[in-house]
2 protein chains.
Amino acid sequence: MSKKGSKEERDLVKMLWDSNFAAMRAPASGGATKKPLPDVLAGNGKIYLAIEVKSTSRDKIYIDSQKINGLCEFSDIFGARPYIGIKFRYKKWLFLSPEDLEVTRNDNYRLDMDLAFKKGLELDELIGKDKQLKF
Amino acid sequence: MSKKGSKEERDLVKMLWDSNFAAMRAPASGGATKKPLPDVLAGNGKIYLAIEVKSTSRDKIYIDSQKINGLCEFSDIFGARPYIGIKFRYKKWLFLSPEDLEVTRNDNYRLDMDLAFKKGLELDELIGKDKQLKF
């Protein structure tokens, strides 16, 4: 019954709660509707996040344009910021906006480690904490 | 694997999408955390709703205080309005604020049909549509 990537989704949900967000995973089956759902939905009263979760042991991943379009559609209606949360193995979580992804020749998306580290936000940055203030 | 009440949750999620909200059910298993999750979470860019779904073929239901406290806690952190969505069989959905529930002698909550119809909002009212404008 468990979805691919659900370990990472659970980890991310825990991290978000630890950062004073309320966070919820999508149900394993789409269930009620054919509507696109993000993997994780979170809010802290100010910021609302809809996150598509990806993880890989390689140095790049491909994402269907359908997934990204669905993420953007949901986020737009719900009133959330759409992000791709990427966990490269042994690396920190990084969060990218859909517009930061690279488009492939067949109109899907590619995200490699260089791009992720160049454009991605760490969780603290995503949720607006000033990392400079940490000791 | 399906939760009690999931048919009603699915119906409600569909109604919310049809009313221009993006809506998502909670996963069947709490999963990631022991954190309290609402049955349904929805937003339309302006209003965010966390809904505990109840249905019954009787004329009243009892709700554990733990459920209501959890709903309020999640809503407070996430930034959503907490509601109990009640579906009495053959009746319309009605939505009540936690503070509108009746407290029982052992500190749980009771909601009967009289109270629901007196204090409850219909979906259109909940989402701020002016019913007067409908033809």
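Trainee: How many disulfides does the structure hold over all chains?

Mentor: A disulfide is a covalent bond between the sulfur atoms of two cysteines. The cut-off used here is a pair of cysteine sulfur atoms within 2.5 Å, and the structure holds zero disulfides over all chains. Please keep in mind that this is a predicted model, where local features need pLDDT of at least 70, side-chain atom pairs count only at pLDDT 80 or more, and totals for chains, interfaces and linings use all residues. Side-chain values use heavy atoms, with hydrogens and water left out, residues are numbered from 1 along each chain as its sequence is written, and chains are lettered from A in the order in which they are written.

Trainee: Is Cys72(A) buried, partly exposed or exposed?

Mentor: Buried means under 20% relative accessible area, exposed means over 50%, and partly exposed lies in between (1.4 Å probe, protein chains only). Cys72(A) is partly exposed at 29%, and Cys72(B) is partly exposed too, at 31%.

Trainee: Now the rings. How many aromatic pairs does a search of the whole structure find?

Mentor: A pair of aromatic rings is described by the distance of the centres and the angle of the planes. Rings of Phe, Tyr and Trp (its six-membered ring) pair if their centres lie within 6.5 Å; planes under 30 degrees apart are stacked, over 60 edge-to-face, and the rest tilted. The search finds ten such pairs over all chains. One of them joins Tyr48(A) and Tyr48(B): the centres are 3.8 Å apart and the planes at 10°, so this pair is stacked. It runs from strand E3 (residues 48-56) of chain A to strand E3 (residues 48-56) of chain B, strands being DSSP runs of E with at least two residues and helices runs of H or I with at least four, numbered from the N terminus. Tyr48(A) is buried at 10%, and Tyr48(B) is buried at 10%.

Trainee: How are the rings of Phe78(A) and Phe78(B) arranged?

Mentor: Their centres lie 6.3 Å apart with the planes at 85°, so the pair is edge-to-face. Each Phe78 sits in helix H2 (residues 65-78) of its own chain, so this pair joins two chains. Both Phe78(A) and Phe78(B) are buried. Ring pairs link a cluster that includes Trp17(A), Phe74(A), Trp17(B) and Phe74(B).
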